[in-house]
Amino acid sequence: MRASLAHAGRCAVPVVVAALLHGAAARAATVEHLKVSRDHKAYVVTARVQLDAPLEPAYGAATDFERLPDYSSMIQSTRLIGHNELSSRMRLCVLWYCKTVRQVMRYRLAPPRRIDMTVVPGKGDLSAGQAHWRFVAGSKGTTDLGFHARIVPDFWVPPLVGPWAIARALRQQVASTATAIERLARQRAGSIDKSPS
């Protein structure tokens, strides 16, 4: 398992995207499109982000699952738990309500272009879902990251918080993960500090 993770990390820069960067850099992850909608019990997230990092380092950072928590304050932990399975804990807060969400995903890598993930039912706080990452080389050493996910939470949300809060937390998670990917890719190149976003 570690061998496949190490191989993916060497190939170049997945997990999800945060609105603001701590910026020592002139350019930063730019969220060009981010939409969260509801489809019955599922939440659908689509995003388009431009990363200020070349394709292979961006893909490598995205698949460096064990280091991503060092670059995002929302990602509490990640660990490999089986053949191509990743367990992660994310801290999502809206107003007074905070929830640590555990998700277990089975992933498939196609370096340096694709990451596909599927929720493993019964092993976390999501009952179903998929996430798809697409990486395309952009202009001037950037990477265009496309993200599409459909997830079904399997936890109670207080009525006063409701679906809008889940949508807001998902937006924050996507932006935070994108920023973490960019920062890790750039740190690998020695161009940014390691302070969490």
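This briefing walks through the sheet, the helices packed on it and the salt bridges of the structure above. The model is predicted, so local features need pLDDT of at least 70 and side-chain atom pairs count only at pLDDT 80 or more, while totals for chains, interfaces and linings use all residues. Residues are numbered from 1 along each chain as its sequence is written, and side-chain values use heavy atoms, with hydrogens and water left out.

**The sheet**

- Eight strands make up an open, antiparallel sheet, in the order β1-β2-β8-β7-β6-β5-β4-β3; strands are DSSP runs of E with at least two residues, numbered from the N terminus, and two of them pair if DSSP finds at least two bridges between them.
- At the edges sit β1 (30-39) and β3 (75-82), each pairing on one side only.
- From one strand to the next, the twist averages 20°; axes here are lines fitted to C-alpha atoms, for helices over the stretch in contact, and angles run from 0 to 180 degrees between N-to-C directions.
- Strands β7 (residues 126-137) and β8 (residues 143-153) run antiparallel and are joined by 11 bridges.
- Gly129 has Ile151 in β8 as its bridge partner.

**The helices**

- Helices are DSSP runs of H or I with at least four residues.
- Helix α2 packs on the sheet and touches β2 (42-51), β5 (97-110), β6 (114-119), β7 and β8 (contact means heavy atoms within 4.5 Å), and its direction makes about 160° with that of β7.
- Because six of its eight residues are buried, α2 (residues 55-62) is largely enclosed by the rest of the structure; buried means under 20% relative accessible area, exposed over 50% and partly exposed in between, with a 1.4 Å probe and protein chains only.
- The buried residues of α2 are Leu55, Ala58, Tyr59, Gly60, Ala61 and Ala62.
- Helix α3 (residues 162-188) lies across β1, β2, β3, β4 (85-94), β5, β7 and β8, and runs at about 30° to β2.

**The salt bridges**

- There are seven salt bridges in the structure, each a side-chain nitrogen of Lys or Arg within 4 Å of a carboxyl oxygen of Asp or Glu.
- One network of salt bridges links Arg108, Arg114, Asp116 and Arg134.
- Within it, Asp116 pairs with Arg108 at 3.5 Å, N to O; Asp116 is buried at 9% relative accessibility, whereas Arg108 is exposed at 51%.
- Arg134 also bridges to Asp116, with the closest N and O atoms 3.0 Å apart.
- Arg134 lies in strand β7 and Asp116 in strand β6, so this pair ties together parts 18 residues apart in sequence.
- Elsewhere, Asp64 and Arg67 form a salt bridge at 3.8 Å between the closest N and O atoms; Asp64 is buried at 12% and Arg67 is partly exposed at 30%.
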